[in-house]
Amino acid sequence: MDKRYFSDKIVEWYQENRRMLPWRQTKDPYKIWLSEVILQQTRVNQGLPYYLRFTETFPTVTALANASEQEVLRLWQGLGYYSRARNLHKCAKVVSKDHHGTFPKTFEELKKLPGIGEYTAAAIASIAHYEAVAVVDGNVFRVLSRIFGIDTPINTTEGKKVFAELANKLIPETSPDIYNQAVMEFGAMYCVPKNPLCAECIFKTQCTAYEKGLQNLLPVKIKGKESRKRYFYYVVIQKGENSLLMKKRVEKDIWFGLYDFPLIESTKPIRADKVIEKTTALYPIYRVSESVTVSDLYKHVLTHQTIFCKFIIIKTSRNMPAPEKSMKFYSLSKVGDLPKPVLISKFLKKSYLL
DNA sequence: AACGCGGGGAT
DNA sequence: ATCCCAGCGTT
């Protein structure tokens with residue numbers, strides 16, 4: 001298919017079918033950047049409320065830079081991939097301090113900033129500054145692999161190269177911003193992963209995958225290894241009526257920088273009586289055996305691991321000290337302000353109505 | 001080149 | 001139950 005035909009046709013489609021989204025109403029590089037980071041590995045519907053909260057709370061990059069990391073993580077709570085939030089904050093500080101609050105304008109300069117990789121740099125440079133550099137995201141892989149019948153695996157170095165080169169060959173010099181967004185929107189709305197809407201597709205007569213019936217086989221992706229299972233037994237120590245013992249996760253692991261309870265981890269499930277035994281050994285000062293209850297099983301299915309979790313709830317009297325320096329008792333209202341994994345938030349909501 | 005990192009919606 | 005999403009940084 002002719003390159004010019006493809007870009008014209010998809011841009012025409014976009015202008016008639018695009019969703020109205022707040023980050024499409026602005027050319028402010030700060031807001032473009034914010035939306036792009038939020039939308040990394042995240043669907044529009046999941047990211048939208050976060051975008052609205054961030055732009056409302058932090059109208060400028062300097063406002064964001066002046067916040068604490070805790071505030072940023074708190075606002076990011078529930079969105080996942082929390083290194084995005086830490087890099088977002090880091091990047092805001094760099095832009096605020098080293099660039100006088102103005103983002104660099106070129107693809108190459110943008111890519112040097114924390115949290116900005118190939119995709120995000122291309123998105124900002126093209127959308128905010130009309131640089132003719134193609135974005136290559138999951139949508140682009142899908143649309144191009146199907147229409148042009150490319151079966152190079154997308155999660156290999158070779159695949160990334162092949163698709164980036166093709167994408168940059170297709171992007172027009174005029175309106176690269178519209179073109180990039182058009183391909184992504186088309187991938188999100190029509191050329192979807194499973195059962196794409198080929199019957200009403202504007203490229204029905206040109207699409208290699210449709211012609212050969214390969215829609216559900218493209219793009220090709222090498223299978224990763226299967227996710228591991230982890231068993232978390234959270235020890236929830238409630239002091240008086242109003243405070244809970246919590247700790248910040250500092251180990252290099254899931255939920256780094258977020259707060260949860262002290263926990264006993266295992267690669268295999270442990271019987272409840274055994275868990276209570278271990279808890280007694282760990283926290284003898286709370287006299288665990290007298291007041292312990294165990295919650296139902298919480299199953300938390302993530303892409304890279306499945307976490308099976310139970311909460312062991314121990315009530316203790318006032319004026320008991322925290323058992324370790326890294327832990328601290330927080331009143332329930334303060335607990336509500338701490339950034340926590342959704343698993344913890346759900347448990348708290350159910351048990352303590354936070 | 002491979003791995004770790006979240007949560008939610010669609011199928 | 002599985003896949004995948006407007007990916008990035010580290011090992």
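Helices, in this talk, are DSSP runs of H or I with at least four residues, numbered from the N terminus. The structure is a predicted model, in which local features need pLDDT of at least 70 and side-chain atom pairs count only at pLDDT 80 or more, while totals for chains, interfaces and linings use all residues. Residues are numbered from 1 along each chain as its sequence is written, and side-chain values use heavy atoms, with hydrogens and water left out.

I begin with the DNA. DNA strand C is surrounded by 27 residues, the closest being Gln41, Gly115, Thr120, Asp137 and Arg142; a residue is near the strand if one of its heavy atoms lies within 4 Å of it. Of the atoms of DNA strand C that come within 4 Å of the protein, 66% belong to sugar and phosphate. Helix 8 (118–129) and helix 9 (138–147) each contribute at least two residues to this surface.

Particular atoms may now be named. A polar backbone atom of Gln41 lies 2.8 Å from a phosphate oxygen of DNA strand C.

Finally, Thr279 lies in helix 13 (residues 272–282). Thr279 counts as buried because its relative accessibility is 0%.

Technical notes
Chains are lettered from A and ligands numbered from 1 in the order in which they are written. Buried means under 20% relative accessible area, exposed over 50%, partly exposed in between (1.4 Å probe, protein chains only). A polar contact is a pair of N or O atoms within 3.5 Å; within protein, one must be able to donate a hydrogen and the other to accept it, and residues adjacent in sequence count only if both atoms are side-chain atoms.
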